[in-house]
Amino acid sequence: MGGAMLIAPAEAGSRYGEQPPVVLSPDLTEPWQLQLTTPRSAKVVTRSSKSFARQKRQNRKNKRAKHGYSTSALATGASLRTKKKQQRYSTTQRSRELPKRFLPQVVEYNTNQKPGTIVIDTTSRYLYLVLGNGEARRYGVGVGKQGFGWTGSERVTRKAEWPSWRPPAEMIARERKKGRILPAFMPGGVENPMGARGIYLGSTLYRIHGTNAPWTIGQAVSSGCFRMRNEDVSDLYPRVKLGAKVVVI
């Protein structure tokens with residue numbers, strides 16, 4: 001476009017009479033003409049949600065291909081991770097399986113103790129309930145760790161189902177130094193380390209009791225108590241009478 005463009009004057013009736021023409025230079029009119037003209041190459045594209053999702057999937061594939069990944073490789077990686085996880089779980093389970101020798105069983109046991117007496121052998125980690133006639137019912141137990149073992153003779157002074165737990169002040173202080181905070185009191189239940197049954201020995205703080213950590217049976221891990229699997233201490237419990245003798249060797 002060349003030269004100046006004339007705009008028509010205002011309509012008649014203007015209260016000020018005829019107006020002078022407005023003159024716009026070519027530099028000012030050109031931008032307005034560009035905005036009012038739709039380029040032929042311009043297109044309006046609308047996408048549905050399905051096509052958008054399809055495009056996203058394709059973009060992910062392209063990205064994996066760019067970094068050298070393939071769908072099958074990713075699937076293989078996921079499978080390997082699952083397999084390793086299963087292997088770790090199986091290893092943990094095997095390490096927690098109780099050796100058969102610690103399962104309850106009737107064995108030959110020659111002793112001069114009377115039937116009904118409990119004999120705990122802390123070296124072999126066995127608890128014997130003397131039956132008489134050269135036999136005893138044997139269970140696996142966890143015993144006191146180094147520095148907490150003891151030997152002697154006591155009597156059963158109390159029995160309790162799902163006993164509560166009050167850790168001694170010495171134990172609370174000892175565990176606090178290790179960073180473990182023990183409660184002052186814990187009611188009976190599956191989370192209680194005293195387990196399903198408690199058999200109290202004399203006036204001591206020692207017990208024969210169940211546990212919430214059955215994989216520790218056969219080990220020296222306690223503070224002097226004798227821990228059994230919950231099913232085992234529940235089996236022993238009705239067989240033991242108040243006043244029964246308990247010998248720890």
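Trainee: Which residues have the most contacts inside the largest nonpolar core?

Mentor: A word first: this is a predicted model. A nonpolar core is built from buried residues such as Leu and Ile whose side chains join up. Here the largest one has 21 residues. Ile 120, Leu 127, Ile 208 and Leu 236 have the most contacts inside it.

Trainee: Which helix and strands each supply at least two residues of this core?

Mentor: The helix is H5, residues 230–236. The strands are E4 (118–121), E5 (126–132), E9 (197–201) and E13 (245–248).

Trainee: What is Leu 236 in contact with, leaving aside its neighbours within four places in sequence?

Mentor: Leu 236 is in contact with Leu 127, Leu 129, Tyr 139, Ile 199, Ile 208 and Met 228. Find Leu 236 in the structure, then look for each partner in turn.

Trainee: How do I read the chain as a whole?

Mentor: Start with its elements. The protein chain has five helices and 13 strands. Then look at burial. Of its 249 residues, 27% count as buried. Next come the contacts with a separation of 6 or more: residues 24 or more positions apart account for 60% of them. Last is the surface. The accessible surface comes to about 17,500 Å², and 52% of that belongs to carbon and sulfur atoms.

Trainee: What volume does the largest pocket have, and which residues lie nearest its centre?

Mentor: A pocket is an open space with protein around it. The largest pocket has a volume of about 810 Å³. Its lining has 30 residues. Nearest its centre lie Trp 165, Pro 168, Met 171, Ser 223 and Cys 225.

Trainee: Which element gives the most to the lining of the largest pocket?

Mentor: H4 does, with four residues. Strand E10 (207–209) and strand E11 (220–222) also each supply at least two.

Trainee: Where is Arg 174 found, and what is it in contact with?

Mentor: Arg 174 is found in helix H4, residues 169–177. Leaving aside neighbours within four places in sequence, Arg 174 is in contact with Phe 148 and Ser 223. A polar contact of 3.2 Å joins the side chains of Arg 174 and Ser 223.

Trainee: Why does Arg 174 count as partly exposed?

Mentor: Partly exposed covers the range between buried, under 20%, and exposed, over 50%. Arg 174 has a relative accessible area of 24%, so it is partly exposed.

Trainee: Is Asn 192 buried or exposed?

Mentor: Its relative accessibility is 1%, so Asn 192 counts as buried. Asn 192 is found in the loop between H4 and E9. Its side chain reaches the backbone oxygen of Pro 187 at 3.0 Å. A polar atom of that side chain also lies 2.8 Å from the backbone nitrogen of Met 194. Not counting residues up to four places away, Asn 192 touches Pro 163, Ser 164, Trp 165, Met 186, Pro 187 and Asn 212.

Trainee: How do I read a phi value?

Mentor: Most residues other than glycine have a negative phi. Arg 125 has a positive value, near 65°. Asn 133 has a positive value too, near 55°.

Trainee: Where are Arg 125 and Asn 133 found?

Mentor: Arg 125 is in the loop between E4 and E5. Asn 133 is in the loop between E5 and strand E6 (135–140). Arg 125 is partly exposed, at 22% relative accessible area. Asn 133 counts as exposed, at 82% relative accessibility.

Methods: Residues are numbered from 1 along each chain as its sequence is written. This is a predicted model: local features need pLDDT of at least 70, side-chain atom pairs count only at pLDDT 80 or more; totals for chains, interfaces and linings use all residues. Side-chain values use heavy atoms; hydrogens and water are left out. A nonpolar core is a set of buried Ala, Val, Leu, Ile, Met, Phe, Trp, Tyr and Cys residues joined through side-chain atoms within 4.5 Å. Buried means under 20% relative accessible area, exposed over 50%, partly exposed in between (1.4 Å probe, protein chains only). Contact means heavy atoms within 4.5 Å. A polar contact is a pair of N or O atoms within 3.5 Å; within protein, one must be able to donate a hydrogen and the other to accept it, and residues adjacent in sequence count only if both atoms are side-chain atoms. Accessible areas come from the Shrake-Rupley method with a 1.4 Å probe; for residues, only the protein chains shown count as cover. On a 1 Å grid over the protein atoms alone, a cavity is a set of points where a 1.4 Å probe fits but cannot get out, and a pocket is an open set with protein on both sides within 12 Å along at least five of seven lines; lining residues have an atom within 4 Å of a point. Grid points are joined across faces, edges and corners, and a volume is the space filled by probe spheres set on the points.
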